Amino acid sequence: MKTDWEEFFDGYAPIYMGECFVKNTVAEVDFLIEETGIKPGARVLDMGCGTGRHSVELAKRGYKMIGVDLSARMLAEAQKAADTAGVQIELIQCNAVKFESNAVFDAAICLCEGSFGLLGPDDDASERDLAILKNVHAALKPGATFLMTCLNGLRMARQHTQEDVASGLFDPLTMTDGNTIDYDTPDGTRTFTSRERGYVPTELAFLARTAGFEVAHTWGGTAGNWGRRQIELDEMEIMMVARKPS
């Protein structure tokens, strides 16, 4: 049985590449290549790859890409993009919490809330994301770099009111947002209340260290505005650069 998030992303897949935040893929890939130090031919894990915009661009530059995503329709869009670009990427349908790999990777990315921070109704607000970090860590070679972005908990806290807390729209104990999302399915329009988890930098770093990473940097990471810069309190996303110890 599909989860709510899986059904939502299946419906979202055909229109995802029309969103404004996907327009800076080339610059984002330039940045992550420089930051990870990977060379063409390296194996890169794209956790929560979605429509494959980063995987396809990296494959065009000679990287061996493996994309993992919960949604079959997102992966179908990724395959179409790869076919159009004339590149090969390996795509795996899997919940990031359950991902295991016999292969090892030279780097990993998890971008634009690709699996990280998207909670089911019964998910623990920290344990689920910690499991994803542990799975990524296990798949990396010693010394490999992991670059990820997630929702900015500072922004969440600043934008919500006490009334939002009372109504259940925002839970400050778990730093989770609850929003009503309508989406189309073959059986008609469905509605579910999402749970999205935000992080403050210290908490994200602690979770990464618990998973075995060394945290190199935490920067502002909003899509379209990546850079080695201080986090802005009200920006959408933050970025963490971490490394598996050698």
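Colleague: Why is Gly 224 called partly exposed?

Modeller: Gly 224 has a relative accessible area of 42%. Buried means under 20%, exposed means over 50%, and partly exposed lies in between, with a 1.4 Å probe and protein chains only. The value of 42% therefore makes Gly 224 partly exposed. This is a predicted model, in which local features need pLDDT of at least 70, side-chain atom pairs count only at pLDDT 80 or more, and totals for chains, interfaces and linings use all residues. Residues are numbered from 1 along each chain as its sequence is written, and side-chain values use heavy atoms, with hydrogens and water left out.

Colleague: Where is Gly 224 found, and what is Gly 224 in contact with, leaving aside its neighbours within four places in sequence?

Modeller: Gly 224 sits in the loop between β10 (214-220) and β11 (237-243); helices (H or I, at least four residues) and strands (E, at least two) are DSSP runs, numbered from the N terminus. Apart from neighbours within four places in sequence, Gly 224 is in contact (heavy atoms within 4.5 Å) with Asn 24 and Glu 28.

Colleague: What makes α2 roughly perpendicular to α3?

Modeller: Helix α2 (residues 25-36) and helix α3 (residues 53-60) pack at an angle of about 65°, and their axes are 10 Å apart. Roughly perpendicular covers 65 to 115 degrees, so α2 is roughly perpendicular to α3. From α2, the contact is made by Thr 25, Val 26, Glu 28, Val 29, Leu 32 and Ile 33, and from α3 by Arg 53, His 54, Glu 57 and Leu 58. These residues divide into five nonpolar, two polar and three charged.

Colleague: How do you know that α3 is largely enclosed by the rest of the structure?

Modeller: Seven of the eight residues of α3 are buried, so α3 is largely enclosed. The buried residues are Arg 53, His 54, Ser 55, Val 56, Glu 57, Leu 58 and Ala 59. Their cover includes α2, β1, β2 (64-69), α4 (72-85) and β4. After α3 comes Gly 62, with a positive phi near 100°.

Colleague: What makes strand β4 count as largely enclosed, and which strands do bridges join to β4?

Modeller: In β4 (residues 105-110), five of the six residues are buried, so β4 is largely enclosed by the rest of the structure. Two strands pair if DSSP finds at least two bridges between them. Three bridges join β1 (residues 43-47) to β4, and the two run parallel; Leu 45 has Ala 108 of β4 as its bridge partner. Five bridges join β4 to β6 (residues 140-151), also running parallel, and Cys 110 stands opposite Met 148 in β6.

Technical notes: Axes fitted to C-alpha atoms, helices over the stretch in contact; angles between N-to-C directions. Parallel < 35°, antiparallel > 145°, perpendicular 65-115°, else oblique. Nonpolar A, V, L, I, M, F, W, Y, C, P; charged D, E, K, R; others polar.
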